[in-house]
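Subject: Structure handover

Hello,

Here is the structure you are taking over. Please open it and keep it beside you while you read the notes below.

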Amino acid sequence: MTARIPGSHPEEVLERWMTAYGTPLFRMCYVMLKDYALAQDAVQDTFIKAYKGLAEFQNAHPFSEKSWLNKIAVNTCKDLRRSAWFRWVDRKTAVEDVPQVPAETAQDRLDLMHAILALPIKYREVILLYYYENIKYEDIAKIIGISVSTVHSRLGKARQRLRMMLERGASDASE
Amino acid sequence: MRRNDIQHTIDTHLSSIAFTGQNQQAVFAAIKGEKPMKRKMSFALVLALIIALLTGVALAIATWHHHAEEIARMEAEQGYYFEWEADSRVALVRHLVEGGVLPPDERTARLFSGSLSKEEASALATQIMTEWSEIREDAISLMSILEAVWGRYPYDWSDEDLVWYTDTLEKNGEKLTSRFYLPQGGVLSKEQAIGLAMEYVKPLVNYPQAVWDTYTATAIYESQPYAGTDEPYWTVRFHPSPRWTERTYIPSVIIDPRTGGIYSDEVNLTPEDALKDYHETIAFWGSMPIGYARFLPHEERAALLSEELGGYSVPDPTYISEEKATAIADTFFQKERGYTDAQMAKLTGYAFYRAGFGGGRPVWIVKYYDESVRLPDNYMILSVDLYADTGEITSSFPRE
């Protein structure tokens, strides 16, 4: 499948992307990085890179625009995770950074959020792409750079860990 | 596990996180080559400046801090704006006006007149807030308001505002991940911390001066209560200028404010350190595990790369050896590409064996790294693929 964008002005395309995908990408980056400022950096960088790569994407890219943007976002988050700053700070504690839960939210949703954030990054990544971004297995494989069968197995393991954490309490099972 | 569960959970918990009009402006500014994070000066900021000029900067800041503390307390007690009753929404707008950051106008006068029903007041307050802060109703929060006034957290905030922020959160019983301080008591100054960090990082990352000249450094004096310490330290970060250019990440440097000691683990990263957490790291890097795997013996490389990338295995002894493959690659770059002995001597070659690649034939992939650049995965300089049975070159990087 080759995605093509109707012949609109590049800045219009960018604006449409930011409007349509900006918030979910921001939230995905936050779950990956557990840091508001870094996530904001990551998602803005994502759109800048996407704009610069627009011509290449329009010519022939095997992704949907959503998958393509997710690939850029995932790689940008990976870049950020390399910084000393990121490595130094104890990200496991950042679960507490999650904005407060609205009062009507059920406790099981709070537990699920904590469990997702407590997952090791390789599982968190596939959970986000599959469940949150609704991206199909084949595209997830391309985004992360692993085989489709590895996507399947990682998702299976991620679900298993989530179930385990929800049964025991996220903090007991996190790594 | 259903999709809806996870989507709803994330969207509910992170409802305060939204890609706003300000974020969009920052992106557009970046692609136009402007310095993007400088916000367009809003009427609110103009008003704040006028107040500051008329009544004194200190008084204006104190006034705004007082009202912002009230907003923080409301958020701590009532949750986020989208959950608030009409009276609280009106009170918020009043705090912004009285704090000198939102200019009063006909709409605010109508809002404060008491003539509106709760529904009308709530709707008008939301309209005023979303227009002023340029974000959606469900993303309005103390942080979004403070960013609308001061710019991006933490980079654009003053040291005093950062200290005020964490003090305020703590007063409201919130757990802090960072606490900010003003340097006191004979510790290193901000300028000294930046100087030490640059002196330390420059030779380690090896960037030419022309590249360095595009960077600016910022320093924040902070502690990490959750990491088990309230001892403050300097964190010096390096940003390309303008910030939103295609960036190369220079490691941040953590500095002991009393001794000048450096705690930047990334720039000290040895191969052994890199391997400490390689299972998680390599899995995460996805397309870049080879950079880490080069430090492993063949059996472990194969196991690791097979899981992450597929197709790697231990070398088949009936085909050409690792040494021979590396020698072929050396010759290729020297004879075909003109690399000198001196250039090649600066690089270290690593051979990776991959079965079933290249039309089913096994290949050796020989990659050369500049190990003088002490970052683990990003400095592969040359690469060549060759058939493991014949030694024939199949591809190379960079291409001719």
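Which residues of the largest nonpolar core touch the most other members? Of its 65 residues, they are Trp17(A), Met28(A), Phe47(A) and Ile10(B). A nonpolar core here is a set of buried Ala, Val, Leu, Ile, Met, Phe, Trp, Tyr and Cys residues joined through side-chain atoms within 4.5 Å. Buried means under 20% relative accessible area, exposed means over 50%, and partly exposed lies in between (1.4 Å probe, protein chains only).

Before going on, some ground rules. This is a predicted model, in which local features need pLDDT of at least 70 and side-chain atom pairs count only at pLDDT 80 or more, while totals for chains, interfaces and linings use all residues. Residues are numbered from 1 along each chain as its sequence is written, chains are lettered from A and ligands numbered from 1 in the order in which they are written, and side-chain values use heavy atoms, with hydrogens and water left out.

The core

Helices (H or I, at least four residues) and strands (E, at least two) are DSSP runs, numbered from the N terminus. Ile10(B), from the other chain, is in contact (heavy atoms within 4.5 Å) with Arg27(A), Val31(A), Met113(A), Ile116(A), Leu128(A) and Tyr132(A), leaving aside its neighbours within four places in sequence. Apart from this core lies another, of 42 residues, which include Trp84(B), Ile145(B), Val163(B) and Tyr165(B).

Chain A

Chain A has 10 helices and 0 strands. Of its 175 residues, 59% are buried. Among its contacts with a separation of 6 or more, 69% are between residues 24 or more positions apart.

Helix α1 (residues 10–33) and helix α2 (residues 36–52) of chain A pack at an angle of about 150 degrees, and their axes are 8 Å apart. Axes are lines fitted to C-alpha atoms, for helices over the stretch in contact, and angles run from 0 to 180 degrees between N-to-C directions. Among the residues that make the contact are Trp17(A) and Tyr21(A) of α1(A), and Val43(A) and Phe47(A) of α2(A). By type, the residues of this contact divide into 18 nonpolar, 3 polar and 1 charged. For that count, Ala, Val, Leu, Ile, Met, Phe, Trp, Tyr, Cys and Pro are nonpolar, Asp, Glu, Lys and Arg are charged, and the others, Gly among them, are polar.

Helix α7(A) is largely enclosed by the rest of the structure, because 12 of its 12 residues are buried. They include Lys122(A), Arg124(A) and Glu125(A). Just after α7(A) comes Asn134(A), with a positive phi of about 60 degrees. Most residues other than glycine have a negative phi. Asn134(A) sits in the loop between α7 (121–132) and α8 (137–144), and it is partly exposed, with a relative accessible area of 39%.

Chain B

Chain B has 17 helices and 8 strands, and 50% of its 400 residues are buried. For contacts between residues at least 6 apart in sequence, 54% join residues at least 24 apart.

Helix α5 (residues 86–98) of chain B can be checked for length. Its 13 residues should span 18 Å at 1.5 Å a residue, and its end C-alpha atoms are 18 Å apart, which agrees. The expected span is 1.5 Å times one less than the number of residues. Buried residues in α5(B) include Arg89(B), Leu92(B) and His95(B). After α5(B) comes Gly100(B), with a positive phi near 85 degrees.

Regards
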